[in-house]
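Subject: The structure, and some notes on it

Hi there,

Here is the structure I promised to pass on. Could you open it next to this email while you read?

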Amino acid sequence: MNDEQLFLLISNAKIKDQKAQTKLINIFWVDVFSFVMKKVRDENDADEITVNVFSKVLSKLDMYDPHFQFKTWVLTIAQNTIIDFWRKKARENQDPTENLDEVKNQYAKSPEELMISDEEQKKIIKTIESLDANYQDIIKLRFFEEKSIKEIAEELGISVANTKVRVMRAKKVLAELLKNNDFDDIDYK
C-alpha cells in the first residue's frame with residue numbers, strides 16, 4: 001500500500017468508516033501484536049494490549065500528524081500502552097500489607113454502602129443486557145469467561161481479525177453507555 005492509499009484509508013477511518021477502520025487494523029495488527037509480544041511475552045496479555053492500542057489509535061486518529069510515518073505513530077501508542085500495562089502490573093504486585101487499612105475499611109462499610117456497590121453492579125449488568133446480542137456475546141466470552149481472542153473466534157465461527165474488531169467495538173460501546181449512565185467514577189480499562 002502506497003502513502004496516498006494509506007492517507008485515504010486513514011481519512012476514511014477518521015470519519016468512522018467501519019470498513020476503513022477494520023482494514024487499517026488488519027494492515028497493522030501483526031506489526032503491533034509482534035511488537036507487544038516481544039515486550040510482554042504472554043499471548044493473552046499481548047492480545048488485550050493490542051486491542052487497547054487499536055482502540056486508542058481509532059479514538060485519536062485526529063491527532064495523527066501526516067508528516068510522520070503512521071506505523072511509527074501506532075507503535076508509539078503501543079509502547080505507551082505497554083508501559084501502562086507494566087505500571088498496572090507493578091501496582092497489582094505490591095506488598096499486600098501496604099493496603100491493609102484499605103481492606104479493613106472495605107469490611108467496615110455500612111450495609112447501605114455495600115448495597116450501593118451491589119446496585120452499581122446490577123446497573124452494569126443491565127447495561128450489558130441492553131447491548132446488541134453480538135456485543136453481549138463478545139463481552140460475556142472475553143470478560144466474564146476470560147477467553148482469548150482465538151478461543152472467541154473459534155466459538156463464534158468468525159475470523160480472529162473480526163473478533164479483535166468486535167471486542168474493541170463492544171468495549172467502546174459499553175464504556176460509552178456506562179459513561180452516559182452516570183458511572184463516571186468507575187474505571188473501564
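Below are my notes, from the overall fold to single residues.

A word on the ground rules. This is a predicted model, so to speak of local features I kept to pLDDT of at least 70, with side-chain atom pairs counted only at pLDDT 80 or more, while totals for chains, interfaces and linings use all residues. Residues are numbered from 1 along each chain as its sequence is written, and side-chain values use heavy atoms, with hydrogens and water left out.

**Overall picture**

The protein chain has nine helices and zero strands. Here helices (H or I, at least four residues) and strands (E, at least two) are DSSP runs, numbered from the N terminus. Of the 189 residues in the chain, 30% are buried. Buried means under 20% relative accessible area, exposed means over 50%, and partly exposed is in between, with a 1.4 Å probe and protein chains only.

The chain exposes about 12600 Å², and carbon and sulfur atoms supply 51% of that. These areas come from the Shrake-Rupley method with a 1.4 Å probe; for residues, only the protein chains shown count as cover. As for contacts (heavy atoms within 4.5 Å), take those between residues at least 6 apart in sequence: 58% of them join residues at least 24 apart.

**Salt bridges**

I count a salt bridge when a side-chain nitrogen of Lys or Arg is within 4 Å of a carboxyl oxygen of Asp or Glu. By this rule there are eight.

One of them pairs Lys71 with Asp31, with the closest N and O atoms 3.6 Å apart. Lys71 lies in helix H4 (residues 70-92) and Asp31 in helix H2 (residues 18-40), so this pair ties together parts that are 40 residues apart in sequence. Both partners are partly exposed: Lys71 has a relative accessible area of 36%, and Asp31 has 31%.

Another joins the side chains of Asp84 and Arg87, at 3.7 Å from N to O. These two both sit in helix H4, three residues apart, which is about one turn of the helix. Asp84 is partly exposed, at 39% relative accessibility.

Lys147 is partly exposed at 22% relative accessibility, and Glu145 is partly exposed at 38%. The two also belong to a network of salt bridges that links Lys140, Glu145, Lys147 and Glu155.

**A pocket to look at**

The second largest pocket has a volume of about 180 Å³. On a 1 Å grid over the protein atoms alone, a pocket is an open set of points where a 1.4 Å probe fits, with protein on both sides within 12 Å along at least five of seven lines; lining residues have an atom within 4 Å of a point. Grid points are joined across faces, edges and corners, and the volume is the space filled by probe spheres set on the points.

Its lining includes Lys16, Tyr135, Met168, Arg169 and Glu176. The elements that give two or more residues to this lining are H2, helix H3 (43-59) and helix H9 (160-180). H9 provides the largest share, five residues. By class, the lining has four nonpolar, three polar and four charged residues. Nonpolar covers Ala, Val, Leu, Ile, Met, Phe, Trp, Tyr, Cys and Pro; charged covers Asp, Glu, Lys and Arg; the others, Gly among them, are polar.

**Single residues**

Ile139, in helix H7, is buried at 2% relative accessibility. Leaving aside neighbours within four places in sequence, Ile139 is in contact with Ile128, Leu131, Phe144, Ala170 and Leu174. Ile139 and Val167 are 28 residues apart in sequence, and their C-alpha atoms are 7.2 Å apart in space.

Ser148 lies in the loop between helix H7 (133-144) and helix H8 (149-156). Ser148 is buried, with a relative accessible area of 11%, and beyond its neighbours within four places in sequence it is in contact with Asn44 and Arg142.

Lastly, two loop residues with positive phi. Lys16, which we met in the pocket lining, lies between helix H1 (3-14) and H2. Its phi is near 65°, a positive value in a residue other than glycine, and Lys16 is exposed at 52%. Arg41 is in the loop between H2 and H3, with phi near 55°, and is exposed at 70% relative accessibility.
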